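This briefing is for a reader new to the structure. Please look at the sequence and the model first, then read the points below.

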Amino acid sequence: MKILDIGSGAGFFLTDVKAKFRDMVELHGVTLVNYASKKEKADFTVEGITIHVANADNLPFCNESFNFVVSNRTLPYAYDPLLAVEEVHRILKVDGVSYLELEPLFEVAQNDQRHSEETLMDLE
């Protein structure tokens with residue numbers, strides 16, 4: 001089984017997954033920063049987990065290459081959040097599963113809606 005964590009940072013979640021499932025899984029993460037060497041933009045490995053330095057809206061993976069994709073409150077901060085969701089769909093296998101926590105995106109949308117309503121009331 002191949003798993004990807006978008007917004008993995010240094011791979012703490014994936015390290016927990018590896019401890020539980022050991023060699024049954026191939027683990028990858030995506031982060032904007034190389035935590036092994038903040039000066040380099042190259043991919044790095046942490047405890048057998050490959051961490052790719054990339055943007056969520058331009059993932060460096062082949063189509064239908066992951067069984068499971070997880071992203072916990074990261075995609076709303078991508079350069080293009082909708083494109084990031086499309087990228088997840090692209091790299092996910094047909095029978096794959098994704099878990100995408102998008103709460104900040106909805107909070108921002110609600111705040112924008114409240115601001116728009118206040119602006120309209122001021123115009124009346």
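In which loop is E64 found? E64 is found in the loop between β4 and β5 (66-72); helices (H or I, at least four residues) and strands (E, at least two) are DSSP runs, numbered from the N terminus. This is a predicted model, in which local features need pLDDT of at least 70 and side-chain atom pairs count only at pLDDT 80 or more, while totals for chains, interfaces and linings use all residues. Residues are numbered from 1 along each chain as its sequence is written, and side-chain values use heavy atoms, with hydrogens and water left out.

**Confidence**

- The protein chain has an average pLDDT of 78, and 73% of its residues score at least 70; pLDDT is the predictor's confidence in each residue, from 0 to 100.
- Over residues 108-124 pLDDT stays under 50, and the model has zero contacts beyond four places in sequence for them; a contact means heavy atoms within 4.5 Å.

**Overall build**

- The protein chain has three helices and six strands, in the order β-α-β-β-β-β-α-β-α from the N terminus on.
- Of the contacts in the protein chain with a separation of 6 or more, 60% are between residues 24 or more positions apart.
- Of the 124 residues, 35% count as buried; buried means under 20% relative accessible area, exposed over 50%, and partly exposed in between (1.4 Å probe, protein chains only).
- The accessible surface of the protein chain comes to about 8100 Å², and carbon and sulfur atoms account for 54% of that surface; such areas come from the Shrake-Rupley method with a 1.4 Å probe, and for residues only the protein chains shown count as cover.

**Strand β4 and its partner**

- Strand β4 (residues 49-53) is largely enclosed by the rest of the structure, because four of its five residues are buried.
- Strand β2 (residues 26-31) pairs with β4 in the parallel sense over four bridges; two strands pair if DSSP finds at least two bridges between them.
- Within this pairing, G29 stands opposite I51 in β4.

**Two loop residues with positive phi**

- E64 is not a glycine, yet has a positive phi of about 50°. With a relative accessible area of 46%, E64 is partly exposed.
- R73 lies in the loop between β5 and α2 (81-91). R73 has a positive phi of about 60°, although it is not a glycine, and at 38% relative accessibility R73 counts as partly exposed.
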